[in-house]
Amino acid sequence: MQYDKIEIYNLKKNLNFIKYVYKKRKNYPNILISHSSGGITKSLEKLIKICLNNEFNVIIPDHFTSRGVVTQWWHKMENNPSMCDRMIDIIEIHKKINLKLLCGISAGGTAVIMASSHIKVPNFSIYPSTFPLRESLVNSYKTTIITGKNDDWTTLNHAKNLQNYNNCNIIEVPGYHGFMSIGENRFLPECITYKNFIDNKIYKDNFILKDPPNKGVTVKYNSRSVSITLKKFEEFIKNNA
C-alpha cells in the first residue's frame, strides 16, 4: 500500500486510532473504517488499499485495546464496547478530524450506520447487525449495506426491515457472514443469533438486548462476494468523493 506515514492518536482514555496518511503535502479527505468483533485484522487491508488508491487518508479506530478487549465471541451479549460506545467513538473522532466517508465491517458496520445519523456522512456497511432497530439506525444518512444471502448472524431480512424505515441501499451477495475473512470456514455452535426475530419497535441507542434462545452461526470466506464488495466499495468512494 502506498502512503507517506502512519500516525497514532490517543484521543481520550478509551479511544485510540491509526491514521494512514496518503500524502503529507496536501490535505486529502479522510475515510474512517470501523473494525469487526474480531478487532483490527487483515480483512481491512484490501479496503484500506482501495481508499489510498483513491487519494483518501484512512482512519482506523481501535475500539478494543484501551477497554481491555481482544475480541468479542458473542457467546452472550457483548457490551464492552456496546454498539452505542462504538458510535460515540466515531463521533468523537469526527470532532477532531473531519470525516468525508465511513465504512465498517459487522459490528463496525452497525457503528458507522448509527454514527452517520449524527454527523451526516455517507457510509458503506459490510454485513452489519441491524437488529434491533435503534433510533440512530433508522435515521442513518446515505447508507449502503452489503450482506450475504445466507448470513444467519446479521441477516438479509434484518437489513430489509431497516430499509423499510430509511430507504438504505442494500446489495445482496452470495454466502454467509464473515465472507471477507480469508480462510474462514466454521460453524460456531455457541454464537448467539437473532436470525428468527423481527421486531418493528424502535429502541433507544443504548438499549441492551437480552440473550436470545437461538445459537449457531456459519462464518465462511467467499472470494466472489469479496470481489463484488471491493468493486462496490470503490464505486461508493468515487460517487461520494
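Tutor: By class, 10 nonpolar, 11 polar and 5 charged residues make up the lining of the largest pocket; Ala, Val, Leu, Ile, Met, Phe, Trp, Tyr, Cys and Pro count as nonpolar, Asp, Glu, Lys and Arg as charged, and the others, Gly among them, as polar. The model is predicted: local features need pLDDT of at least 70 and side-chain atom pairs pLDDT 80 or more, while totals for chains, interfaces and linings use all residues. Residues are numbered from 1 along each chain as its sequence is written, and side-chain values use heavy atoms, without hydrogens and water.

The volume of the largest pocket is about 620 Å³. On a 1 Å grid over the protein atoms alone, a pocket is an open set of points with protein on both sides within 12 Å along at least five of seven lines, a cavity is a set where a 1.4 Å probe fits but cannot get out, and lining residues have an atom within 4 Å of a point. Points are joined across faces, edges and corners, and volume is the space filled by probe spheres set on them. Of the 26 lining residues, Ser36, Gly38, Thr41, Ser181 and Glu184 are the closest to the centre of the largest pocket. Helix H1 (45-53) and strand E9 (185-192) each contribute at least two residues to this lining; helices (H or I, at least four residues) and strands (E, at least two) are DSSP runs numbered from the N terminus. Beyond H1, the loop between H1 and E4 holds Glu55, a residue that has a positive phi of about 60° although it is not a glycine.

The second largest pocket holds about 180 Å³ of space. Its lining residues include Pro122, Phe124, Lys142, Asn169 and Lys232. Strand E7 (143-148), strand E8 (169-173) and helix H6 (223-240) each supply at least two of the lining residues, and H6 gives the most, with 5. This lining comprises 4 nonpolar, 5 polar and 3 charged residues.

Helices H2 and H3 each supply at least two residues of the cavity lining. H2 (residues 83-96) and H3 (residues 107-119) pack at an angle of about 55°, with their axes 8 Å apart; axes are fitted to C-alpha atoms, for helices over the stretch in contact, and angles between N-to-C directions run from 0 to 180 degrees. H2 and H3 are therefore oblique to each other, since under 35 degrees counts as roughly parallel, over 145 as roughly antiparallel, 65 to 115 as roughly perpendicular and the rest as oblique. In the contact (heavy atoms within 4.5 Å), the H2 residues include Met83, Met87 and Ile90, and those of H3 include Ala111, Met114 and Ala115. The contact residues divide into 11 nonpolar, 4 polar and 1 charged.
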